[in-house]
Amino acid sequence: MARPAPYREHHFNPLPIPMPQPDPASVFRRVGDRIEPTGLARGPWHPNAQHGGAPAGLLAQTAAEAVNDDAFVLQRLTLDIRKPVPIEPLTVTCARYSGRSTQRVRLELIHDGQPLCVAHVLFGRSDAIGDWQADAPTVRLTPVADSTPDDVHIPGTDPGAETFHYRALESRLAAGSVEDQGPAAAWFRFRYPLTGDNEPALSAQAVAIADLGNGISWSVPLEDYSFASTDLTVNLWRRPATAWIGVDSGTHISALGHGCTLSDLYDEDGRIGVASQTLLIRKR
């Protein structure tokens, strides 16, 4: 039996993805101590593998619930993706480390006793510093109302399938083109809750959406190359204030198969943070 790929490989000819089933209530269901993904967590490349944004958002939401204090703002999440995350029951372990100015949370997403993803999340305490506008927006993303009204379609994927990108989210193209390689920007908004038992924090939604950066800004011909995203780091300097989250992304690669996607993150009021993803590119 072939060994599974160690990371999320993006293939130009994906395996058939199930068509939408009757509406699930959320991307994940909590059943006792278990987390049960629905089809809304599915990635576009394999019918039993999740899109990276789904577990990223789940772990960010779990960390926010562990802190449970509005005085603390999610400022950084780093997610190491060790193996693909299946559409199968999972468990989450969570350890919180409290301080006066910061709360730190370490989480593991586990399947069959094996950690598939490890996240470190930092929350900083809010403390008013006066009227100084530290993040005054100098560049704004094209507003949602002025963006392309159709959902963003990534080449090689099925927009009618039950996947995280196409079913859990709605999207609008703000700049560039996802039909051609190169930088692009898009707006995304959740159609469904992350979990059925709590209203998801907007910061957790922003973390999940940040994972879409490498997909909208692909920079190598997908029929000739595969690329695997091995991690996600998100830094936020303020809480998102709107459900629409903008991702303005560019992907950079070397001739030796190493790459990085860098994204600016927005809400409808302006920039809220940045994200990065480490990539491994391989010739087919």
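Mentor: Let us start with a definition: a residue is buried when its relative accessible area is under 20%, exposed when over 50%, and partly exposed in between. Please also keep in mind that this is a predicted model.

Trainee: Is Phe-190 buried or exposed?

Mentor: The relative accessibility of Phe-190 is 11%. The cut-off for burial is under 20%. Phe-190 therefore counts as buried.

Trainee: How many aromatic pairs are there, and what is the geometry of Phe-164 and Phe-190?

Mentor: The count comes to one aromatic pair. Phe-164 and Phe-190 form an aromatic pair with 5.9 Å centre to centre and 70° between the planes. Planes over 60 degrees apart count as edge-to-face, so the geometry of Phe-164 and Phe-190 is edge-to-face.

Trainee: In which elements do Phe-164 and Phe-190 lie, and how many residues apart are they?

Mentor: The pair links distant parts of the chain. Phe-164 belongs to helix H2 (residues 164-168) and Phe-190 to strand E9 (residues 184-190); they are 26 residues apart.

Trainee: Why does Phe-164 count as buried?

Mentor: Burial requires a relative accessible area under 20%. Phe-164 is buried because its relative accessible area is 0%.

Trainee: Which residue has a side chain joined to that of Glu-170 by a polar contact?

Mentor: Glu-170 is placed in strand E8 (residues 169-176) and, at 13% relative accessibility, counts as buried. Leaving aside residues up to four places away in sequence, Glu-170 touches several residues, among them Asp-151, Trp-187 and Trp-244. The side chain of Glu-170 is joined by a polar contact of 2.8 Å to that of Arg-189.

Trainee: Which residue in E3 stands opposite Arg-30?

Mentor: Strand E2 (residues 28-31) and strand E3 (residues 34-37) pair in the antiparallel sense over four bridges. They form a hairpin with two residues between them, and Gly-32 in the turn has a positive phi of about 65°. The residue in E3 opposite Arg-30 is Ile-35.

Trainee: What separation do the C-alpha atoms of Pro-221 and Asp-180 have?

Mentor: Pro-221 lies in the loop between helix H4 (213-216) and strand E10 (225-229), and at 26% relative accessible area it is partly exposed. Pro-221 and Asp-180 are 41 residues apart along the chain, and their C-alpha atoms are separated by 9.0 Å.

Trainee: Over which residues does pLDDT stay under 50?

Mentor: The protein chain averages a pLDDT of 88, and 89% of the residues score at least 70. The stretch where pLDDT stays under 50 has 38 contacts beyond four places in sequence in the model, and it covers residues 1-13.

Terms used:
Residues numbered from 1 in each chain as written. Predicted model: local features only at pLDDT ≥ 70, side-chain atom pairs only at ≥ 80, totals over all residues. Heavy atoms only, no water. Buried < 20%, exposed > 50% of the residue type's maximum accessible area, 1.4 Å probe, protein only. Polar contact = N/O pair within 3.5 Å; in protein donor to acceptor, adjacent residues only side chain to side chain. Contact = heavy atoms within 4.5 Å. Phe/Tyr/Trp six-rings, centres within 6.5 Å; stacked < 30°, edge-to-face > 60°. Pairing = 2+ DSSP bridges. pLDDT = per-residue confidence, 0-100.
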